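Dear colleague,

I am passing on the structure we spoke about, together with some notes on what turned up in it. Please read the notes with the model open beside you.

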Amino acid sequence: MSTGTLIVSLDFELFWGMQDGISLNRYKDNVLGGRKAIPRLLSMFEKYHIHATWATVGFMFAESYEELRKYFPKKELLPSYDNIKLSPYRCFRKIGKNEQESPCFYAPSLIRRITSIPGQEIGSHTFSHYYCREGGQTVKQFEADLEAAVSIAKDKGYHMTSIVMPRNQCSSEYIAVLNKFRFNAYRDEENDWIHEKVSFRPLKRILRLADVYFPLTGQGGYEPKIEFGVVNLVGSRMYKPILKPLKMLEKLKIYRIKRQMLHAAKNGLTFHLWWHPHNIGIMTEEHLKQLEEIFQYYRYLNKKYGMKSLNMREVARKQIG
């Protein structure tokens, strides 16, 4: 029987993933705290030999606003969402000139820092934090967005083969575009009964939250599958930030993750853990302590069952050959 695999992926987006839902003033501390946590997280990854994929918004590669503008798709190929708030292009008058002036929007120095650590992969989170299932946008616009993401990364020396779609939104016609740009791995949303059968959004949110602490949806381990030439590396579990009103349940959250990891290790399955750096930007010490407990448990599983930590690119190479 094959050994189990732990995949870790991070949606590295700074404020770009939040601009459509909250003001910068209200969320700035989370983003800046997440930036400060990244070097410590990298040290932890190095200590426990954790390989991870950092799915990075393309905007963040730029050294300056002037450089970023050069990669913008043509105006007619910008995302034409029905809900204009979803488009990050409306923000550009206030994002500042560069990383020093606007650390919530640019991250070239952090990207370089990440790649200096063994086992870390720079992947894509699209160019503009693009939403594939939102009304108004088109596949052609997505293709232009992905072309820009690949171009800016390539010009910076990064060859991206893995991608995480914002909000894990994807479908077969968009996977075909991934294949066109030679991505060979993407992270799909959890494949469980809550996502498949519950359509009433408030109830879905309650059930998903409960599943963080209690085993409503099972173990989350799986064998990766290839779809349209791209390996689907389903997200098994999001590492949820600490919710103060439910803090008494935090031990259950960590126990749930560890039990899922154990199941994958024993049965030769893949377990995919993911989160955003800004999730740990507040209460950083508590979050890093929890993550270290998880990675210490991975080291135990590695020694007892041979479980391996691989990033998305490494898993895809094993699948495709």
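Of the 321 residues of the protein chain, 57% count as buried, where buried stands for a relative accessible area under 20%, exposed for over 50%, and partly exposed for anything in between, with a 1.4 Å probe and protein chains only. Please keep in mind that this is a predicted model, in which local features need pLDDT of at least 70 and side-chain atom pairs count only at pLDDT 80 or more, while totals for chains, interfaces and linings use all residues. Residues are numbered from 1 along each chain as its sequence is written, and side-chain values use heavy atoms, with hydrogens and water left out.

On the overall form, a compact globule with 321 residues would have a radius of gyration near 20 Å, and the 19 Å of the protein chain agrees with that; the radius is taken over C-alpha atoms, and the globule rule is 2.2 Å times the number of residues to the power 0.38. Along the principal axes, the C-alpha atoms fill a box of roughly 55 × 45 × 40 Å. The chain has 10 helices and 10 strands, which are DSSP runs numbered from the N terminus, with helices (H or I) of at least four residues and strands (E) of at least two. Among contacts between residues at least 6 apart in sequence, 79% join residues at least 24 apart, a contact being heavy atoms within 4.5 Å.

The accessible surface comes to about 15000 Å², and 51% of this belongs to carbon and sulfur atoms; the areas come from the Shrake-Rupley method with a 1.4 Å probe, and for residues only the protein chains shown count as cover. The mean positions of the 49 positive and 33 negative charges are 4 Å apart. Here Lys and Arg count as positive and Asp and Glu as negative, without His and the chain ends, and each charge is placed at NZ of Lys, CZ of Arg, CG of Asp or CD of Glu.

Turning to the interior, nonpolar side chains tend to be buried together in soluble globular proteins. The largest nonpolar core of this model has 85 residues, of which Phe12, Phe45, Trp54, Phe127, Trp275 and Phe295 touch the most other members; such a core is a set of buried Ala, Val, Leu, Ile, Met, Phe, Trp, Tyr and Cys residues joined through side-chain atoms within 4.5 Å. Helix H1 (residues 24-48) supplies the largest share of this core, 9 residues. Apart from it lies another core, of 12 residues, including Ile7, Val164, Leu233 and Leu310.

Phe105 lies in the loop between H2 and H3 and counts as buried, at 6% relative accessibility. Not counting residues up to four places away in sequence, Phe105 touches Leu14, Phe15, Trp16, Leu24, Phe59, Met60 and Ile95, whereas its C-alpha atom is separated by 38 Å from that of Ala265, 160 residues apart along the chain. Lys74 is in the loop between helix H2 (65-69) and helix H3 (108-115), yet Lys74 is exposed, with 58% relative accessibility. The C-alpha atoms of Lys74 and Ala144 are 70 residues apart along the chain and separated by 8.3 Å.

Which value does phi of Asn168 take? It is near 55°, a positive value in a residue other than glycine. Asn168 sits in the loop between strand S4 (162-164) and helix H5 (172-180) and is buried, with a relative accessible area of 6%. Phi of Arg182 is likewise positive, near 65°, but Arg182, in the loop between H5 and strand S5 (185-187), is exposed, with a relative accessible area of 69%.

Finally, Gly218 belongs to the loop between helix H7 (201-213) and strand S6 (225-227) and is partly exposed, with a relative accessible area of 29%. Apart from residues up to four places away in sequence, Gly218 touches Arg256 and Gln260.

With best wishes
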